[in-house]
Amino acid sequence: MAGPPDRSGSAGAVTPPRRTRLVLAEVTRDRGDSDRTRTELAEQTRVGEALVRGLVRAQLALALRLSLVVAIGLGGLPLLFAVAPAVGTATLFGINLPWLLLGVAAFPLLVAVGWIFVRLAERNEQDFTALVRRPER
Amino acid sequence: MPNPYLVPAIVAVTLVTVAIGFYGLRLARTTSDFLVASRAVSPTWNAAAIGGEYLSAASFLGIAGLILKYGVDVLWYPVGFAAGYLALLLFVAAPLRRSGAFTLPDFCEVRLGSRRLRTLATAFVIFIGWLYLVPQLQGAGLTLATVAGSPYPVGALVVAAVVTANVALGGMRAITFVQAFQYWLKLTALAVPAIFLALQWQADARPAVTPPDGPAFRTATTVVVEHPATLALSDGQTREVRPGDELTFAAGDPVPAVSGVATDASDWLLPSTAGADDRGLFATYSLILATFLGTMGLPHVLVRFYTNPDGAAARRTTLVVLAMVGAFYLLPTIYGVLGRIYTPQLLVTGQTDAVVVLLPGAALGDGTTGRLLAALVAAGAFAAFLSTSSGLLTSVAGVISTDVLGRGSVRGFRLATVIAGAVPAVLALNVSGLNVSQVVGLAFAVAASSFCPLLVLGIWWRGLTDLGAAAGVLVGGGAAVGAVLVTVLGPPLSGWPATLIAQPAAWTVPLAFTVMVAVSMATRRRAPADVGATMLRLHAPEALRL
């Protein structure tokens, strides 16, 4: 992408970079680059299409599975407190359980799920890259 | 007795904000510097900046106030505000960055190629931005009025003016540094006093948060009533109070129960149970849906993702943000809980949003430590107003300059900033009675009912069409906007209608998704022909360099 801005010296001594007019949404539109392994993808052949569909499906399945974990783990709590009031009155270290679950435990859970997602999503992408670049052209 | 450190602390935060803005100004020369910091911001800086921008008046002041007032049920606010970043990470972060769009309207055009949809998205960005800006300015006015006794408009106008000038002159490059600085300031400003407060609580022999006889005044207190209310006094009588009434309590007197506030220990301490209140459960789930899904639709949150170099970096940045925001949200609970002990008078006055600012002085006394910590908290609160308003203003102004004024120039951006800043300033002066946290919650509900389905379906479903997207945004988002207008302008409601309007997300979000999918399937032929190429660009890893 665009290089870092010129930070050298005092502001006055440097000739200012030319102002460019950016037309949003058009910036990324064309990016010509050709390579045999990638043309299949870029040209939307049936093989390329299937590859992309596979990747999208894998990533979506991963995201949905992990959001299900959170939906059950956290989203089930109001229902649990409502149908089993005993959970609300239970205490741990002298603090009522709902306070600990919502005030403290929820945040590490969210970060942990996020961390797992980043790892697995990157693995999916590596698999996809390896598949596209497989040597049997 | 006024605190001599307060005003210098607030002035210092404001000056540092402006100074970093001007430092950034020297680096910002092109339009892309202005709008997206030339995409040369490192992930850690970027994550701190996103966190700094996100933690608003509602997070810094509102959550602790709500916890003081309502107890365990409102812990869903901080959990939801943090979980919103997880939803963003799972469904949006990397593909959105790869789309190469700068703004939400831009995404509509990249994905669906529709100018009209772009205009609709622009309208929603501006509406959500302004809806979210008003409570920030209000919070500033109320804080300055509480701690320094200034008239309400002063704080609101000071923040509006500083932020508008800073954004207009420095653009986002400057803002990135400002925001990152302000994240750490806000964390420090809550964490350090929290440690002192916890130690003080230990030193006071751990007074019970929910004593069996209900909360009591620790010291002789005079309370000036701000809102009309019905008080249930300890001798069983009730008393109607009006704004301006003064009530005097001796040390050890029980805090009178105020209508609509959970003074009763078990209401406050325990979650709402089934049977007793189905509406409470509905409102809880509605809040969860709005905050979990609303974050991804907030314009100032999304605009930050374009400053990541690629999709993988966007994912990693989001994870760091999630951790940073989660760490911050451990703190307001402490203030809300200790507020039950040290500032119970706020339950009577109804000014519970002031608990964070008043608690250090109330718990630690009038000594230098208490005053310095009070000043630190006030500075943090100002950082919250400044940073969130800056981010909102940048994104609203960016959209106005490119989509309404139709110019891509720096001058156009500056003009747009002035317009974008003036409107909420005028609104904030005229609606001082609104509840800060409630308005923020409504902004989340509108975002969750309009941009969340648009982004999620746009990124993951090939079948989305421009008509489907527009219909979903109009029906779902429109319903949420209607709920906002009824809440703000309409008559007071009661029973189920009140719950459905005050917490609309549980019905508007499914409505938006359903309409979007149904209309898209009915207009299947309008799906863009290049959807395969778009999907490839959104999801293919950069390592392929397609």
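**Figure 1. Accessible surface and overall make-up of chain B in the predicted model.** The accessible surface of chain B amounts to about 18,200 Å². Carbon and sulfur atoms account for 64% of this surface. Chain B has 546 residues, and 62% of them count as buried. Its secondary structure consists of 23 helices and five strands. Where residues at least 6 apart in the sequence of chain B are in contact, 83% of these contacts link residues at least 24 apart.

**Figure 2. Crossing of helices α7 and α19 of chain B.** Helix α7 covers residues 104-112 of chain B, and helix α19 covers residues 436-460. Their axes come within 11 Å and cross at roughly 35°. The crossing of α7(B) and α19(B) is left-handed. From α7(B), the contact involves B:L104, B:F107, B:C108 and B:R111. From α19(B), the contributing residues are B:F451, B:L454, B:L455, B:L457, B:G458 and B:I459. By type, the residues of this contact are eight nonpolar, one polar and one charged.

**Figure 3. The aromatic pair B:Y183 and B:W184.** Over all chains, the structure contains eleven aromatic pairs. In the pair shown, the ring centres of B:Y183 and B:W184 are 4.9 Å apart and the planes stand at 80°, so the arrangement is edge-to-face; the cut-off for this class is an angle over 60 degrees. B:Y183 has a relative accessible area of 1% and is therefore buried. B:W184, with a relative accessible area of 45%, is partly exposed.

**Figure 4. The aromatic pair B:F328 and B:Y329 and the cluster that includes both residues.** B:F328 and B:Y329 pair edge-to-face, with 5.7 Å from centre to centre and 75° between the planes. Both residues of this pair, B:F328 and B:Y329, are buried. They belong to one aromatic cluster together with A:F107, B:F60, B:Y77, B:F81, B:Y132 and B:F444. A:F107 of this cluster is a residue of chain A.

Methods. Residues numbered from 1 in each chain as written. Chains lettered and ligands numbered in written order. Predicted model: local features only at pLDDT ≥ 70, side-chain atom pairs only at ≥ 80, totals over all residues. Heavy atoms only, no water. Phe/Tyr/Trp six-rings, centres within 6.5 Å; stacked < 30°, edge-to-face > 60°. Buried < 20%, exposed > 50% of the residue type's maximum accessible area, 1.4 Å probe, protein only. Axes fitted to C-alpha atoms, helices over the stretch in contact; angles between N-to-C directions. Helix = DSSP H or I, 4+ residues; strand = E, 2+ residues; numbered from the N terminus. Left-handed = near helix turned anticlockwise from the far one by under 90°. Contact = heavy atoms within 4.5 Å. Nonpolar A, V, L, I, M, F, W, Y, C, P; charged D, E, K, R; others polar. Areas by Shrake-Rupley, 256 points an atom, 1.4 Å probe, with all protein chains shown as cover.
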